[in-house]
Amino acid sequence: MDLQRINQHKKTFDEIQQFIEGEDGREQVEVWFARELQELLGYARWENFTVAISRAVESCKTQGISVDDHFREVTKMITLGKGGRREIQDFMLTRYACYLIAQNGDPKKEEIAFAQGYFALQTRRAELIAEHIDQISRLETRDRLRASEKQLSRNIFERGVDDRGFGRIRSKGDTALFGGHTTEDMKRRLGIKSTRPLADFLPTLTIAAKNLATEMTNYNVEQKDLQGEAPITREHIQNNQSVRQMLGQRGIRPEELPAAEDIKKVERRVASNEKKIERTTMKLPKKK
């Protein structure tokens with residue numbers, strides 16, 4: 001997501017932000033109302049949005065945090081046709097509550113991805129939101145690769161290939177993706193310790209490329225019922241070659257992309273930010 005799009009989203013989220021008087025009467029608590037947030041997060045139906053709110057409430061309870069500090073059910077009056085009016089359900093939400101709701105949304109939706117960064121960072125500068133979104137995207141892409149490789153390991157084990165065979169298959173896939181450079185070659189090129197996984201230092205694009213090739217292998221191993229190391233190796237090499245060719249058509253050579261930050265450091269930073277959210281969010285005043 002580019003900075004222009006982030007600034008557009010930021011403007012709309014800022015516009016529905018409101019402030020209420022805090023517990024001590026001096027500080028102001030920033031709040032958002034669910035009915036307004038619903039639209040910005042891309043939910044067409046209130047019933048569907050309340051499901052996300054309920055999940056966020058449960059997440060809050062699971063972490064041992066008082067729900068009343070962050071979620072407040074309220075009612076508001078709306079005007080109907082012919083001048084009629086009726087009350088509807090709404091929720092007053094703190095920044096932390098909004099973050100939990102965004103966490104329970106679909107991160108593939110641009111609005112949800114933005115909201116996760118917007119509510120996670122107290123300063124909410126566009127550049128920092130963009131950085132947070134990129135970090136979350138890389139972590140999620142890495143998790144998908146772990147899952148697809150785990151599935152491949154299960155698939156080939158059922159077809160007579162042991163862990164060492166899986167290592168050979170994965171290594172030959174890397175060699176195909178990186179234009180003849182082996183996994184160890186790439187670690188040396190990027191200055192990675194031999195004991196660390198290569199994917200932990202790859203940029204999001206390359207991790208996604210590895211995942212796509214692995215998913216293709218999983219699909220064809222199952223659909224074609226490939227048996228034994230040799231045919232599965234050929235399949236995995238072909239899929240990595242196909243992905244490399246696709247990238248090459250767009251002028252991208254995976255082996256030439258620079259290393260990214262150690263994903264373990266990114267995980268720790270994101271986790272640290274998430275721990276700070278509740279601690280730095282002003283609480284709703286007690287009900288009178």
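This is a predicted model: local features need pLDDT of at least 70, side-chain atom pairs count only at pLDDT 80 or more; totals for chains, interfaces and linings use all residues.
1. **Overall form.** The chain holds 11 helices and four strands. Its radius of gyration is 24 Å, well over the 19 Å that the globule rule gives for 288 residues, so the chain is more spread out than a compact globule. Along the principal axes, the C-alpha atoms fill a box of roughly 70 × 40 × 40 Å.

2. **β3 with β4.** Strand β3 spans residues 71–79. Nine bridges pair β3 with β4, and the sense is antiparallel. Within this pairing, look at Glu73: its place is opposite Phe91 in β4.

3. **β2 with β4.** Strand β2 covers residues 28–33, and strand β4 covers residues 85–93. These two strands also run antiparallel, joined by two bridges. Here Trp32 lies opposite Leu93 of β4.

4. **How α3 and α4 cross.** Helix α3 takes in residues 46–62, and helix α4 takes in residues 95–103. Their axes come within 8 Å and cross at roughly 115 degrees. Angles of 65 to 115 degrees count as roughly perpendicular, and α3 and α4 are therefore roughly perpendicular to each other. The crossing is right-handed.

5. **What α3 and α4 bring to the contact.** From α3 come Phe49, Ala52, Ile53, Ala56, Ser59 and Cys60. They meet Tyr96, Leu100 and Ile101 of α4. Sorted by class, this contact has eight nonpolar residues, one polar residue and no charged ones.

Terms used:
Residues are numbered from 1 along each chain as its sequence is written. Side-chain values use heavy atoms; hydrogens and water are left out. Axes are lines fitted to C-alpha atoms, for helices over the stretch in contact, and angles run from 0 to 180 degrees between N-to-C directions. Angles under 35 degrees count as roughly parallel, over 145 as roughly antiparallel, 65 to 115 as roughly perpendicular and the rest as oblique. A crossing is left-handed if the near helix is turned anticlockwise from the far one by less than a right angle, and right-handed if clockwise. Contact means heavy atoms within 4.5 Å. Ala, Val, Leu, Ile, Met, Phe, Trp, Tyr, Cys and Pro count as nonpolar, Asp, Glu, Lys and Arg as charged, and the others, Gly among them, as polar. Two strands pair if DSSP finds at least two bridges between them. The radius of gyration is taken over C-alpha atoms; the globule rule is 2.2 Å times the number of residues to the power 0.38.
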